[in-house]
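Please consult the sequence and the structure shown below.

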Amino acid sequence: ETLNVYIQAGPALPATPVFTRTGTQGDRWWQAEVDINTTSTYQVVMEGIRGTSFRGDIALDDITMSRGPCNPSTTYSVNCDFEDINICGYVQKTDDQFDWTWQSGSTGTTNTGPQSDHTLGTPTGHYMYIETSSPRQPGDIAVLMTPSVPGDNRMHCLQFYFHMY
């Protein structure tokens, strides 16, 4: 399984992601931060790719974009914790092979994915994830995009939590 994150400022997806992780990362939530600097309106594109095994669910939670570079003193307010069924206005891409799923509690397959969300740390909290069991095939892609973010020629910090297990 692979999680790629892109910053898309035009009609085409950039060739190189700003963040990527491949393979199982263990049964826990990990924090990631990415500095973004663009003058153009952009979207954050989260791409989950199914690996060679059904044991490779990818989950996302607590996605935040704030002004200023990422650093230990940056204060974050959660922009999207996926606690609302409207998933913060995020959009599922329509020309990929499958969609991200809004979930609470554990995933549908035993010994994969998180048991709870990152926000509340309980089975009642919500997150987005890709289920990599059948009928998914190796290489299948699911894409989730943020609403458009105005570029202002200042550094922005993207922070999110991911779970790959």
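L60 stands opposite F162 in β10. This is a predicted model, in which local features need pLDDT of at least 70, side-chain atom pairs count only at pLDDT 80 or more, and totals for chains, interfaces and linings use all residues. Residues are numbered from 1 along each chain as its sequence is written, and side-chain values use heavy atoms, with hydrogens and water left out.

**Strand β5 and its partners**
- Strand β5 (residues 58-67) runs antiparallel to strand β10 (residues 155-164), and 8 bridges join them; strands are DSSP runs (E, at least two residues), numbered from the N terminus.
- A59 stands opposite H163 in β10.
- β5 also pairs with strand β8 (residues 126-130) in the antiparallel sense, over 3 bridges; pairing requires that DSSP finds at least two bridges between two strands.
- In β8, M128 is the residue opposite L60.
- Because 9 of its 10 residues are buried, β5 is largely enclosed by the rest of the structure; buried means under 20% relative accessible area (1.4 Å probe, protein chains only).

**The sheet**
- The order β3-β10-β5-β8-β7 describes an open sheet of 5 strands with antiparallel pairing.
- Its edge strands, β3 (30-37) and β7 (101-104), each pair on one side only.
- On average, neighbouring strands of this sheet are turned by 40° against each other, direction ignored; the axes are lines fitted to C-alpha atoms, and angles run from 0 to 180 degrees between N-to-C directions.

Definitions and conventions
Helix = DSSP H or I, 4+ residues; strand = E, 2+ residues; numbered from the N terminus. Buried < 20%, exposed > 50% of the residue type's maximum accessible area, 1.4 Å probe, protein only.
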